[in-house]
Amino acid sequence: INAEYMGTLSGHTGAITEIDWTQSDGYLISGASDKTLRVWNCDRLECVREIKLELSCLTLQLHPINNNVCAVGFKGPSFKLYNLSTGKAFQAAKSKKAIYCVEWNSAGDVLFVGNAGGTICAYSWSPNMEGDLRLRTFITVFNGKAVTSLSYEAYHNSDPSARPGQEPPASLLASTRNNVVIQLSVQRKFDLVVVRSFPIASSVLHCRSQLCPLTSFRTAPCFATASEDHVVYVYDGTKPKLEVTKLYGHSGAVLDVAWNADESLLASGDVRGVVVVWHRVRFTGQHALVNELDLSDRSSEQTLSENES
């Protein structure tokens, strides 16, 4: 599989801290240290809306069902739910530490929150926008080592003995400032259990990772992660031996990555305020394994490759 460079979105005056795709894939939302959120039209490669914030955005995520709702985390320490049509916050909650990451479950009724103290909290919320956020449980993965990103994906429940309405198994991926990305199992909607960890260069900045959206159709998690060494890494856990693809194209530390719904597009943002959009295409008749594609010397075309037999 390969991908080609699609375009660059410029407008933020500070480091981009997180990006997310809308369900339609035609729009991208980004938050930055310049105290703004920006909504981008990816077909025209232009900003169509700017929302000013009181504080620098540390993290954001669109609601999985209602893309008009966006959760935003701050150093405050607090996080808020914003209505993107009005640009106003309509709910807020406080934390003991700065909020570095927020993540909805697939039903949009649980919000996972990671903070600077190494703790992940789970809040319940009504998707019909009625009722307040309610803390249900929490787990400390690394005491004092910040959780910088969370990524949730549920698996299709193929167990014939599963009860109607029973929650399917799910994974939660957590990036930390301890040079590892952690995979957790989500049980009974709120309970979190550590499964395994993956090494990554991340000890100073807020580097983030994201599970591939089609993980639910795979036997093991696959994900992309940003890093402080200017490289985007793609981990494939479905192979007998864990495979890693390295993507070059940034000239600064990469802070965030975001897949669209069908994994045809991958966006990555860095400390220079640059967002790179990667378009994934498939090569037919290619049988050789490509482990790494170096793009550091290319200026007109950038591509993403993934191992394929």
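**Exercise 1.** Find which residue takes a positive phi in the hairpin of β11 and β12.

*Solution.* Three residues lie between these strands, and Gly-118 takes the positive phi, near 85°. Strands here are DSSP runs of E with at least two residues, numbered from the N terminus. The model is predicted, so local features need pLDDT of at least 70 and side-chain atom pairs pLDDT 80 or more, while totals for chains, interfaces and linings use all residues. Residues are numbered from 1 along each chain as its sequence is written, and side-chain values use heavy atoms, without hydrogens and water.

**Exercise 2.** Determine how β11 pairs with β10 and with β12.

*Solution.* Pairing requires at least two DSSP bridges between two strands. On β12 (residues 119–124), the pairing with β11 is antiparallel over five bridges, with Ser-124 as the bridge partner of Val-110.

**Exercise 3.** State whether the residues of β11 are buried or exposed, and which way they point.

*Solution.* Buried means under 20% relative accessible area, exposed over 50%, partly exposed in between (1.4 Å probe, protein chains only). Six of the six residues in β11 (residues 110–115) are buried. Val-110, Phe-112 and Gly-114 point one way, and Leu-111, Val-113 and Asn-115 point the other way. In a regular strand, side chains alternate between the two faces of the sheet.

Terms used. Helices (H or I, at least four residues) and strands (E, at least two) are DSSP runs, numbered from the N terminus.
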